[in-house]
Amino acid sequence: MAQRLVRAGHDVIVWNRTASRAEPLAALGARVAASPREAGLAREVVISIVTDGPDVQEVLLGPDGAATEAAPGTLFVDMSTTAPASARTISAALQARGLRFVDAPVTGGDVGAQQGALSILAGGAAEDIERAMPAFGVMGRRVTHAGPVGAGQALKACNQVMAALNLVGVCEALSLAKTSGLDLNVVVEALSLGASGSWALQNLGPRIAAENFAPGFMVDLIQKDLRIVHDAAAAAGLDLKGVELAQSLFSDNQAHGEGRQGTQALWKAVARRNGRSA
């Protein structure tokens with residue numbers, strides 16, 4: 001996402017908690033900050049994308065956070081996936097400092113990020129989302145204004161329910177295909193454009209067929225997202241059995257040391273549940 005901003009000609013300053021990850025961006029011409037505080041200085045828009053709500057709080061509002069010396073009116077756009085309540089808490093803290101905030105989690109995976117084809121799910125004031133559009137237009141193909149701050153995260157939670165359950169369906173279907181003696185690549189190609197087609201089948205189906213379990217998006221991260229979904233469902237009094245199934249399968253991945261593999265490793269959990277090897 002940052003590479004696309006640099007290549008589009010934006011004046012980009014970057015910072016990463018793992019310094020080596022900023023090196024490819026420096027090679028493209030981005031400036032590398034020594035701290036989040038430095039990254040937030042004299043910026044019109046500050047974009048964060050980290051693991052969870054506490055991480056966002058730290059990089060934005062911590063002792064050396066990006067908001068520490070940001071100019072009044074600076075727009076902060078958090079593209080992490082967090083709980084809606086966390087987004088609202090961070091927004092209130094930033095507004096108390098005279099700063100603006102939009103929560104804008106994304107969907108589309110590593111492929112969407114590379115191609116600038118992400119769907120951006122935004123919560124906040126319409127004028128703030130409009131200010132972010134020059135950056136959004138480089139990173140994504142569709143921007144949805146879901147509502148006030150926190151609504152983007154609520155919409156992302158809905159997305160993660162469908163993403164996880166689509167992947168369960170893909171893995172169970174491919175398990176049936178394998179036991180039926182079918183070529184998994186043929187199955188993926190045949191079904192991708194029919195009624196059963198999905199992003200998971202088109203993008204993760206070929207990786208499963210090739211036994212490629214490198215991330216994209218890690219098991220540990222989808223489990224974090226499903227925890228957010230579970231908490232939201234519990235607060236609303238909803239019983240989401242499909243989410244519980246997905247969590248149990250991903251928990252099996254984690255128990256077998258596969259938490260840092262791509263979510264397509266759920267294929268292995270389905271195989272183990274049926275007493276088979278992947």
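A residue is called buried here when its relative accessible area is under 20%, exposed when that area is over 50%, and partly exposed in between, as found with a 1.4 Å probe on protein chains only. This is a predicted model, in which local features need pLDDT of at least 70 and side-chain atom pairs count only at pLDDT 80 or more, while totals for chains, interfaces and linings use all residues. Residues are numbered from 1 along each chain as its sequence is written, and side-chain values use heavy atoms, with hydrogens and water left out.

**The chain as a whole**

The secondary structure of the protein chain comes to 13 helices and eight strands, where helices (H or I, at least four residues) and strands (E, at least two) are DSSP runs numbered from the N terminus. The radius of gyration, taken over C-alpha atoms and judged against a globule rule of 2.2 Å times the number of residues to the power 0.38, is 20 Å for the protein chain, close to the 19 Å given by the rule for 278 residues, so the chain is as compact as a globular protein of that length. The C-alpha trace spans about 60 × 45 × 35 Å along its principal axes, and 46% of the 278 residues count as buried. Contact means heavy atoms within 4.5 Å; among contacts between residues at least 6 apart in sequence, 65% join residues at least 24 apart.

**Two helix pairs**

Two packed helices are described by the angle between their axes and the distance between the axes. The axes are lines fitted to C-alpha atoms, for helices over the stretch in contact, and the angles run from 0 to 180 degrees between N-to-C directions.

| Helix pair | Angle | Axis distance |
|---|---|---|
| H4 (residues 53-61) and H5 (residues 84-95) | about 15 degrees | 10 Å |
| H8 (residues 151-179) and H9 (residues 184-191) | roughly 130 degrees | within 10 Å |

Angles under 35 degrees count as roughly parallel, over 145 as roughly antiparallel, 65 to 115 as roughly perpendicular and the rest as oblique. With an angle of about 15 degrees, H4 is therefore roughly parallel to H5. Their contact is made by Gly53, Val56, Gln57, Leu60 and Leu61 of H4 together with Ser86, Thr89, Ile90, Ala93 and Leu94 of H5. By class, this contact has six nonpolar, four polar and no charged residues, where Ala, Val, Leu, Ile, Met, Phe, Trp, Tyr, Cys and Pro count as nonpolar, Asp, Glu, Lys and Arg as charged, and the others, Gly among them, as polar.

For the second pair, which crosses at roughly 130 degrees, H8 is oblique to H9. Leu174, Ala177 and Lys178 in H8 meet Leu184, Val187 and Val188 in H9, and by class the contact of H8 with H9 has five nonpolar, no polar and one charged residues.

**Interior positions**

In helix H10 (residues 199-209), the buried residues include Ala200, Leu201, Leu204 and Ile208, and what covers the buried residues of H10 includes helix H6 (109-115), H8, H9 and helix H13 (266-273). Just after H10, Glu211 takes a positive phi of about 55 degrees.

Thr263 lies in the loop between helix H12 (241-255) and H13 and is buried, with a relative accessible area of 9%. Not counting residues up to four places away in sequence, Thr263 touches Leu167, Leu204, Phe217, Met218, Val219, Ile222 and Phe250.

Ile129, in helix H7 (residues 126-139), is buried with a relative accessible area of 6%. The C-alpha atoms of Ile129 and Ala104, 25 residues apart along the chain, are separated by 9.0 Å.
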